[in-house]
Each structure stands twice: as C-alpha cells, then as structure tokens.
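I opened the notebook to go through this model and write down what I looked up, entry by entry.

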Amino acid sequence: MVKELFSSLGVDCNILELDQVDDGASVQEVLSEITNQRTVPNIFVNKVHVGGCDRTFQAHQSGLLQKLLQEDPAYDYDLIVIGGGSGGLSCAQEAAALGRRVMVLDLVVPSPQGTSWGLGGTCVNVGCIPKQLMHQAALLGQALADSRRFGWECAQQVKHNWETMTEAIQKHVGSLNWSYQRALREKAVAYVNSYGEFVEHHKIKATNGKGQETCYTAAKFVIATGERPRYLGIRGDKEYCITSDDLFSLPYCPGATLVVGASSVALECAGFLAGLGLEVTVMVRSQLLRGFDQEMAEKVASSMQQLGVRFLRKFVPVEVQQLEKGSPGKLKVVAKSTEGTEMIEGLYNTVLLAIGRDSCTKKIGLEKIGVKVNEKTGKIPVNDVEQSSVPYVYAVGDVVEGKPELTPVAVQAGRLLARRLFGGRLEKCDYINAPTVVFTPLEYGCCGYAEEKAVEVYRKENLEGESVSEAEHGESRESSESVLCRSTGATDRARRTCRSTTLCSGLSSGQWPAETATPVTRRLSAANSTMCSPPWRSRSPRGWTSRRRAAEAKPLLSLSLSRCRFCEDGVLSGKPGDSVGARRRDSSSAVHPPG
Amino acid sequence: MAREERDWEKRRRNELLRGPCCLRCCSSVLWWECAQQVKHNWETMTEAIQKHVGSLNWSYQRALREKAVAYVNSYGEFVEHHKIKATNGKGQETCYTAAKFVIATGERPRYLGIRGDKEYCITSDDLFSLPYCPGATLVVGASSVALECAGFLAGLGLEVTVMVRSQLLRGFDQEMAEKVASSMQQLGVRFLRKFVPVEVQQLEKGSPGKLKVVAKSTEGTEMIEGLYNTVLLAIGRDSCTKKIGLEKIGVKVNEKTGKIPVNDVEQSSVPYVYAVGDVVEGKPELTPVAVQAGRLLARRLFGGRLEKCDYINAPTVVFTPLEYGCCGYAEEKAVEVYRKENLEVYHTLFWPLEWTVACRDSNTCYAKIICSKFDNDRVIGFHVLGPKAGEITQGFAAAMKCGLTKQLLDDTIGIHPTCAQDDVGVTFGTWFLRAELQYRQLSVDSCRFLPVGRCSPPWRSRSPRGWTSRRRAAEAKPLLSLSLSRCRFCEDGVLSGKPGDSVGARRRDSSSAVHPPG
C-alpha cells in the first residue's frame, strides 16, 4: 500500500525487503533499536523516520509527508557558512530566520605573533571596531589639546596609557564576540569553532583547535573566510613584525613605529598611533591609497605630516633585525629604494606591516570540488547572485573578486543572498556607489568615482571638478571636493555628481558622505546641492568652486586664501601647511611629553 | 552680521564643549590621564572667542572695502521717499538717497517687561562677551537660543535652571524637543515647567552678583522663589523695524510681530523697498537662508536673473550638548498637512561607537523619519538627536532635495563605523534593512536575557536596532520595547521609578567630580 502511495506521488524509493536479504534479522534488530519499531514496512523519508503504514498515510493526509519529500535530500544542513565574519554571520542569521538548518564554521588561525580572537571576523576583532575606538582615543587627545584654548585648565602632564586603552577596547570586543554567539544561539544556528575544509562535493571536514575532525554535509555552502594580512617575505618579517591582527590587542605600547604600506589600514594605524603621541614613520612603495582619488590621498598624507608622521616614499624593506628584546624591543630595518640602489637603515621599536591582505581561500579544499579561484589574488569570481563556478557554493565578503571590501557591503550581500536562496526573494546586492571613509586623523570620506576613474569613464572634457575649503577656528581645516559630470546628452542637461569627497576633521566626516551617498545614487546635481541651505553653523560647504573655472581665473587662490584666513598664526604667505604643522607639533608635544 | 557672529560664538562654544564633554564622561579616566583637577576658565574662553569674532568683523569690513561697498557706521532711518537719515555714534546726521532699499535690520532679544528685568538680567547679546563667569544661571525661555545657552553653560560645569512657560522649542517636533530636554536633564540642567518670572531683585552686587527671582505658575497661583547669580532672558526676539521710519514711506509692518510682509521676490508694500533676513514675515530665521535670499535678491535687481529663494526644506540644528538636527516637517505639522493615516513614521535609537567604551547611555540618541505613504514613501521629515547631528542633517537635506524615499535609503550602503552605524556596520540609511518583525523579536528576547545593572555590552544595548515603523510596533505591543530598553542598560539599573531622574543625579555627581564646585 505504501509502495502504491509513493508511486502515485511519483517518488522513487529504495526498498529493502528484509526477508530477501541474508542479514535481514540483524537489520531488523538495528532498526528496532533506532526506531523502536520491529514491524514492516518501516518508512524513512530523507533520513527522517516516519513510521509504519498507518503513520505514513497520516503524514500524507496532514501534509507532513510532502514537506519531508520536498526537503533537500540527505544533508545534515541546508546551509553551511565557512567564516563567522560580517558577511557570513548576516547570511547565516538571515537563513536561520527563514527557518533553515544552518551551521557556521569559524576558527581563527593565530597570527605568526600568536594573536587570536573570537567570533565576529576582522571587522569586530581586528578591524573597524577597535580601529575606530583607537581613532577616537587619538581624537580625544587632540580635543584635550584644543580645550586649553577654550579655557579648560588642567595640569600640563597629560599622558596616554596604552594598556588602559587596549583593555577597554578588548573588553568591548569581547562583549561583541559574546553577543554574536548569543545571537547565533538564539536563532538556532549551529556554531562550531572549527576550521572547515571541503573533502568532497557537499561535504566538509571541520577540524577543531585540538585537531579533532568531524564531517558535515550541506545542500549549499557560503564561503565567507575573508582575508588576513600579507607578510613581506623578507628575513625577519614573521619573527619580529606585527600586523593589524596583533596591534589592537598588543599588551604594551608599541613606541616608535614603522608602518610599512600605504593602504587605508596603514594610514589609519599610522594616524592614530601618531595621535597617541608616538613617533610614526610610514614606508610607501609606490602609491598612497591605491584606488582612491590620488589628489585626496596626497592631501590625507600632508595632513598626517602636519601631525608629525614621517613618510619615506619609494622604499621597500629588505631585512628586519632584532637588536634588543623587550616590550617593545628594538628593531633595525634595512630598506632599499625602488628607484635606485640607495639603502637606508632605521631603528624602531615596532614594525607594523600593512601591505595588503590575502584571501583565505588556499587551504579550504576548494580545488577538491572545483571552485574557481583567481590564481593571483586568491579571490573567488562570482556572478551577480554571488554564485561561484560550482553552483551550490556561494561567496560573500572580502573573498569575492572585484567587489568593495567593506563590512556594510558584506552584511548587505550576505543578507540578500540568504533571502534569495531561502526566502524566494530576488533582490541583488547593489555594489555601486558604496560610500567609504578612511579614518585618518583628518578623516577622508568618498562616494562614487575617484577623479582618475571618472576621467577614464567620462573623459575629461565632460567633467567639472569643484572644490571647497573651509577654515574653522584656526585649528582644523577641511576641504571637500566633488566631481560633476556635465552630461552631453541633448535632453538630459542635468549635471550629475559622479563623486563627492570630503576631507574634514572631527568625528563627523564619516557622516557626511554617508548621506551624500543617497543623493549620489539619486543623481544629485550641483544645482540641487548649492540651493540647499546648510545649517549654517555646521561644517558645510560654503561655496563650491569650479576648479576648471577657478584655474582660468586665479589658480587655487580661493583654496589657499581660505585655508589661512582664520588661522591664528595668520600665515598668509609662505607654506601654510608647514607652519600650521609646526605649530601643531609644538602644541601637541606639550601634551605628550617625549618618551 | 550680528546673527552670524552669534552663530559663530555658539558654534565655537559647542566645539569647546565637546572635548571636555568626552573628557568628563570618563574617557579621561579611561585613556588619557590628566590631573583630576580640571576646571574651566571663562575669561580665557571669552577672550579667545572675542578675538575670533573681532577678526571676523575685520574681515567683513575688508570684504566690503574690497568690493567697494560704502560702509557707514550709522543708524539708518527713513525721512522721506528714497531718502534716509544716518546718525552716527556721536549724533552727527547725514542724509543719503538711493533708488532701492533693503531692510535687513534683523532682531534683538525681547525683555520680559517685569520689575528688574532690564536692570539685572542679561540676554544672549551680553552673554558671549560677559567679562566674568555667570555662575548659577537661570535661563528664562525654551527657544533654541535658550536651550543652546543652557546646554553649554551646564557643559562648562555651571548650575543651570531653565524656566519654561509652556512649550519647549515651539515649531520643532515636540517628541524631539522632549528628548532634547531629557538629554539636558541628564547633563544636570534643571527644568521649571509652567512658570513665568514676575520679579527680579538684586540681593548682592558683584561679578556675578546675586539675584532673587520670583516666579508664578501659569496654571495656578503657586509662587516660587530662586537665587541665581545670573538671569539670562531668551524668551524671543523682536524685529528692529520700529524706529527706522518705515511708517513715513508707508512700508507695511505686521503690528503684532513687527515683521515685514513681502511677496515672493522679497518686495515689501513699497515697491522699491525690499527685506531679507529675520525681519521677513513667515520665513525661517536662519543665516544661510538670509545669505541666499540676499544674494539672489541682488542678482534679480541688478543682474537680470530670475531665481527666487527657495525657503522650503531648509535644514536646521539646535546645538544643545546632544545636537538635534531636522529637515522638513515636524511630526505635528506633517499630521496637519498630510493627515495621520497617510504617514508612516520610522524611528530608531542608536548608540554611537564612541559612547560604548565611554559607558555613556545607550538609549539617548534617537532618529526618526516621517514618510508620506502615498508618495512612494517619500521622506518629508527627518529628525536626529545625537553627536554631530549638524553634519548628518546636512547630508540628508541634500538627499531630501533629490526626493529621498525610504526605498532609496534602504538601498544605500552605509559607512562602517560611523556614529549612526548599526551593530554589524549598517549606517543610518540602511538601518531600514532591519525588518519590523526582527526588531520586535530582538527587543523582547533580549529583555528576557539581559542582566540588569551591568555596564552595557554593546549588542543588546542598541536595542531597537534599525528603523522601526512606529505605527506597526505600537500595534504589536504599545511602546513596550522602548520603555524596557530605556532602562535596561543603565548602570544604575533603575528598572522602576523615574530612570531619568536618577541617571541625571548620577551624571551630575560624576561631573561635579571633574569640575569642583565654584
């Protein structure tokens, strides 16, 4: 009867006739142990025990049978996510909220210096969050210095305690780890603190910290393993250098620091270390902030120079030697010019490598199931629904090729992916016009095209560059810029902002592009933005200047004039940047006594 | 120019507050170590500010000279058509004639008209150059000027009381106004509601002296007395249109307010007389608006241009210690214009990352947007209470000009981590991504699990994470989540009683530790 039912439903089933096999009796023993049922037929649907004949018909009438039949066959989970970072967690949680069985595999391989951390990925543990808090610590130092001019009187001896700061930050990060775990538990996502590695199709091997291995199967997989800092591959780098993975939980103050690299990570770390009163040198191989607008990148660098950060351009380290042990020790760095044969040496307490990040796609068995990986970058190419070359394997976050490496992007992509896979939704993640901010002491925010890219895409003659610079109480300066596209279409005469970029001080610069991103997607035009009356007192663009037109009239005068107008030192001539820098340095060294 | 200077001063004072404000809230204890004896020197501050204001005065004069504008330091008064009499400080009179006139005389603070007000009280005109620290201050009024002054005085460590006749921040969103007030209460500002002063007596002379203020309840016959060092009046501003001879040439002036009604090209009832700025009737009293209106007026008059000033959707910010920025309609106004059933209000509490380690209250910062349901969920009102609200509002104002809708906000990827970021890095715009359902689930569940009295671990604390439709949330369980979450993470663990009060008390204690009394 059951056979007839299944054939009427059009379902293929495996039938084991116990009286026709040799070990029928022992099979029956085992079945009764598992199911508490000795009678036949004994029906299983997709690994789930249904029962005998009556039970099966009941299940058919109640609809349970159909539900069981529809489920993907024979996998432990509907979805296994490898990597518990921003993208992975958002995807896992969303899938679980849609009623699926989800597992997250997350194991942090300790850095060469032995640093390791909990659930949450780079952003929470060794990225945005601790970085932002240290940035805030540095800004507070600046605010303390500024506050004197505003009448706040405190003893001259203000110093910074690195240990107190890292402790507070690590406490915060720890609470975040805990809350992520709790969130997974609440959503009934299985979280396994193990390293995942594909062994065959739909099957993954999870190895925990003690080396114990377990295998799990799933219908779908999401790779969200992210990236880890790259090492130089020179003598002494893994032994003596640290990376951003180690910096935020460093138990001692790093002292005089050499930052190698010019990525946003490098400049952000250099910025807050300098803000905390340390001597910081940045060694740059070629370009600052590759991929960002180069004019703005140079302005970021010069703002950092004013803070006292030293830049060594066109040099690469060739060797790191330890002269003294200690916390921090003393390191000698030998560097070679990229343009000639010049060699320089420098002594530092700490060397921080921030030369880039490598995707963690090498040792997770992707080759065994045939997922295509870009040989050079290690990134996974995906189509517009985040699907890799193997249809049931998806990827989100930093491991995805050609997409912005930003937490909110990963979160958005992960969440939308889960909805598409299990929620019957169709929305794709929109990677265009994601705003981003480099949290250097003077923050740099941007959205849309860099000028170089805009020229490439729209051609120079169709673009208009505008800039604005505003001085504020002689202490901080800012400038912001936007590139407008003069549409050449006869019908569409609207000028559209292709890029809007700000460089300004305080906590706020991050906020500005965030909302400007919306108008950018919505075709903000110059007319719109200037007609909008700013809340006067807020740091708002008071008059954009067309750079092209200004250059024709009086080259950059407006910029340099407004820069100095309110500066108390009154540097109207000479190099405003330098003298402001000198003043800054003096006043800040009063706050941070040397050593 | 006066207004601009005032704005600059306020701005600077806010800047000034911010550093020490963070400092007070335990970051100094946490990260930067300095001697516990931090105190504020009023004289140093006013001197620095007046120096800056002076340089602004100078630069304006220079700008006029460079543009060949004749600047005469005299009081103007119409004597007949096209003719004005200018009286300088020494009483010398000169007459000038012109083809066209622009009235831009602005406003000056109003006095109460009670015994002792002009003798002993000061206004915002005096405060910024006051040569001595004002001490314990009574601020009369609840305008933005009143709250801003009360806010920075409290931030400087002074004892501040605000006396409010009826409504806080009239014309602003009232829900936000109450939140502004409660954030100020947390800073230690005391509010006396429904009272008006009836008499000010001087008990002692000095810098500052000692004043006794007698106030009467607006609702009964109750009288109260209070002792203060300084009484600051901020009950409103009167247009300076009475003594400039407008009646002689027949310019119509609103009898009650003293404001000048103009048409859409800023023209008064006398065709050759125009008005811009705060004296114009029914227009926002904001510097950028005045600047824009003045510039466009000149272009229309002499440049052959036609653009009119667009007064709609001018964003504005109240620079209280926790800033309040808004753009577009207040909720009350939106309900009036669009009717309640056509609106959807989304709101969220947020906790800036910088506040987490500093252990500052996690349920103070608040944002809401008002959407018109039948216009594609277009955002018609934006309100935010939090640090740097000015900057945030600026961006949203531009977006609203472009016809921002909720869908567009949903589609915008955020910046991580910014003040408005969500726990996993979604900013302001994308907070909407969180579904209402999820929100409800979260707040209820986390209430159940949360230990009370622990210093706020982040995840649980930014409780209503993501924008929530207030209507839908209310239907589910009226305001439960909000009231629960308000107390949940407070260090004092005040789950009952009046959380605001005891939090306020706590804050006050800790701040008085930093600023020794006196």
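This is a predicted model: local features need pLDDT of at least 70, side-chain atom pairs count only at pLDDT 80 or more; totals for chains, interfaces and linings use all residues.

Residues are numbered from 1 along each chain as its sequence is written, chains are lettered from A and ligands numbered from 1 in the order in which they are written, and side-chain values use heavy atoms, with hydrogens and water left out.

Entry one, strand β22(B). I looked up strand β22 (residues 378–385) of chain B and found seven of its eight residues buried, where buried means under 20% relative accessible area, exposed over 50% and partly exposed in between (1.4 Å probe, protein chains only). Strand β19 (residues 324–328) of chain B is joined to β22(B) by five bridges and runs antiparallel to β22(B), and here C326(B) has H383(B) as its bridge partner. Strand β21 (residues 365–372) of chain B also pairs with β22(B) in the antiparallel sense, over seven bridges, with K368(B) opposite H383(B). Between β21(B) and β22(B) the hairpin has five residues, and N376(B) takes a positive phi near 65°.

Entry two, the open sheet. In chain B I traced five strands with parallel pairing, in the order β8-β15-β9-β10-β11; the edge strands, each pairing on one side only, are β8 (122–123) and β11 (190–193). Two bridges join β8(B) to the parallel strand β15 (residues 230–233) of chain B, and I122(B) stands opposite L232(B) there.

I took a nonpolar core as a set of buried Ala, Val, Leu, Ile, Met, Phe, Trp, Tyr and Cys residues joined through side-chain atoms within 4.5 Å. The largest has 80 residues, and F272(A) is one of those with the most contacts inside it. Helix α8 (residues 162–186) of chain A gives the most to this core, with eight residues. Apart from it lies another core of 68 residues, including V158(A) and L232(B).

Is A96(A) buried or exposed? A96(A) counts as buried because its relative accessibility is 12%, and its place is in helix α5 (residues 86–97) of chain A. Not counting residues up to four places away in sequence, A96(A) touches V102(A), K187(A) and V189(A), contact being heavy atoms within 4.5 Å.

Note on methods
Helices (H or I, at least four residues) and strands (E, at least two) are DSSP runs, numbered from the N terminus. Two strands pair if DSSP finds at least two bridges between them.
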